[in-house]
Amino acid sequence: MSALARPGAGPAPATRGVPPQGRFSSYVHRSAAAGRLAVQPRMGFADLATMREGLREVRDADATSIGTITLDSYTRVNDHDSARAALRTGAELNGFPLVAHGERATRELLESVSGRDFPVQVRHGSALPQPLFRAMVAAGVDATEGGPVSYCLPYSRAPIAKAVSAWAECCELIAEQPDPMHLESFGGCMLGQLCPPSLLVALSVLETLFFREHGLHSISLSYAQQTHPGQDLEALAALRRLGGERLSGADWHVVLYTYMGVFPRTPIGSFRILEESVRLAVRSGTERLIVKTPAEAYRIPTIAENVNALEFAESIAEDEAAREPSFEATDTGIYEEARLLVDSTLELAPTVGEALVKAFSRGHLDVPFCLHQDNANKSRAYVDPRGMLRWAEPGRMPLNVKDFDARRPVSAQGLLGMLGFNERRFDREQLTRVHSRELLVGSGPRSLS
Amino acid sequence: MSQVMRPGKRFIVSSVSSDAHMWNLVFLQLLLEEHGAEVNNLGACVPDELIIDECLSTRPDALILSTVNGHGHLDGLRLIRKIRSEPALEDLRVVIGGKLGVRGAENIVYAEELALNGFDAVFEAGSGIERFEEFLGALESGPSRARPALAPVGAAA
């Protein structure tokens with residue numbers, strides 16, 4: 001782990017004046033001040049021994065790493081009995097069943113690996129997470145994530161009003177603790193793809209304002225890599241600027257997620273999309289990155305694959321800090337659009353929670369293609385010929401969509417094409433090269449360079 | 001598609017109870033609507049009872065289930081047994097498709113069990129959209145369901 005200066009890299013963290021609270025945030029800010037990008041896997045195993053081994057290997061990786069415990073689907077939907085049954089029978093789970101293991105076992109696990117230089121975050125996906133939050137608080141978890149919109153609309157059938165009261169209760173439970181957990185909004189992801197940047201930025205800001213309203217001070221804003229690095233750079237700058245304007249008095253930072261949509265299928269294609277996300281993080285001054293691995297398109301990655309991805313990210317981060325920028329931010333008005341969505345939503349009700357419920361019920365906020373019964377699903381997005389993610393149809397959102405050419409229905413085939421945009425963008429070069437190598441093999445020995 | 005479906009068919013599109021994936025459902029809705037169908041899309045993580053209630057109250061031409069989280073062979077089996085135990089839904093056309101297990105290409109092993117328990121067709125990912133479109137085309141050819149005679153209707157519900 002080398003300390004390095006980051007000449008030419010993005011702006012300094014905008015949280016000067018508010019000291020970091022808790023060891024999760026302290027570690028992130030300490031790394032950022034030393035010019036290092038904090039990197040984190042998505043990793044969860046059902047049994048305690050494998051989970052402990054995974055955390056240890058992430059801790060010992062040659063990277064500025066943070067630990068992650070990703071929970072399983074049963075725990076996500078509060079079906080803790082099924083999770084317990086799976087632990088008894090040894091049936092495979094797709095993550096760590098924290099509630100089923102219980103607070104004592106979880107606390108022992110955390111105490112055996114985590115520390116000042118290795119905080120651990122729990123990632124879950126639960127819309128109604130009260131039992132989980134009680135267990136996390138009792139087990140002394142450093143940080144977790146989610147939100148009343150970001151974990152309700154895409155992953156649950158719970159009414160948004162019910163998720164809002166559940167998350168209010170959870171935030172207040174954290175706030176009452178002597179050493180409160182850090183809470184990250186997942187609002188920058190929304191279905192992983194085809195949600196334009198301004199809405200991702202607005203939802204992330206609105207969720208952190210909701211966390212603030214319920215007494216939290218240590219929070220993070222999120223954004224997921226989309227289809228165009230310049231547009232993503234503009235979005236991250238907008239997110240940071242709005243954070244600076246709206247979260248004064250809080251201890252906050254920004255986390256970027258490596259692409260959450262349909263992933264490249266070739267190993268090189270997937271390392272290239274990860275590489276782009278690392279460069280984006282460094283260039284935008286983002287403090288923390290959650291990586292993906294080449295196994296992503298096929299299955300749950302192994303510990304070794306996660307460690308590889310973290311070490312690869314660390315080396316790209318060092319490289320990016322030392323070089324000239326390879327892409328520029330676009331100027332498409334993401335900040336103005338996001339600010340408009342935030343402000344006009346907040347005007348709808350006296351509290352952030354009520355404003356979110358009202359905004360979705362009116363279609364004032366509307367996540368494109370999202371089938372949740374409380375989402376209007378009138379808005380549409382498309383990937384334009386330059387690879388930028390744009391509005392095709394704003395529905396009833398207060399957006400000025402000028403591009404009327406794009407106002408046409410999306411076909412099934414067109415949807416598949418847009419969903420696979422990044423898969424093709426990053427795999428094409430690799431597949432083309434394989435193709436030309438095959439041709440060359442057919443024509444006798446020649447240099448490939 | 002080779003055989004054209006007559007417009008005005010009504011479909012229920014749904015995921016199964018444990019599956020939160022949404023894009024597969026959005027795609028199916030668009031595909032069916034392009035062929036003039038009317039689609040009631042129930043979305044992700046739908047409880048069995050809600051699917052059954054919707055089928056009973058709206059009597060669609062077919063129920064289309066799509067699932068990709070690898071639990072389809074479990075959730076789908078439980079659901080089709082419940083559906084076939086409802087006398088009013090014994091003859092409803094019901095199909096399932098997607099990634100039905102976690103074994104990749106070997107998921108095909110689940111197809112037979114699902115069909116024997118009452119699905120009219122099972123489409124494992126990789127079998128191509130053409131087979132599904134053939135199924136849609138065949139919807140024109142009369143009311144008889146091609147379910148095997150030995151299907152134990154409701155036997156294990």
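Predicted model: local features only at pLDDT ≥ 70, side-chain atom pairs only at ≥ 80, totals over all residues.
Residues are numbered from 1 along each chain as its sequence is written, and chains are lettered from A in the order in which they are written.

Select residues 22-321 of chain A, which form domain 1, and colour residues 339-421, domain 2, separately; these bounds come from an automatic or database domain assignment. The centres of the two domains, taken over C-alpha atoms, are 24 Å apart. Across the boundary, 31 residues of domain 1 are in contact with 28 residues of domain 2, contact meaning that C-beta atoms, placed from the backbone, lie within 7 Å.

Next, on the domain 1 side, show helix 8 (197-213) of chain A, which gives the most to this side, with nine residues. Helices here are DSSP runs (H or I, at least four residues), numbered from the N terminus.

Now move to chain B and select helix 2 (residues 48-58) and helix 3 (residues 72-84), which pack at an angle of about 40 degrees with their axes 10 Å apart; axes are lines fitted to C-alpha atoms over the stretch in contact, and angles run from 0 to 180 degrees between N-to-C directions. Finally, show the side chains of B:Asp48, B:Ile51 and B:Ile52 on helix 2 and of B:Arg78, B:Leu79, B:Lys82 and B:Ile83 on helix 3, which make the contact.

Conventions: Contact = placed C-beta atoms within 7 Å. Helix = DSSP H or I, 4+ residues; strand = E, 2+ residues; numbered from the N terminus.
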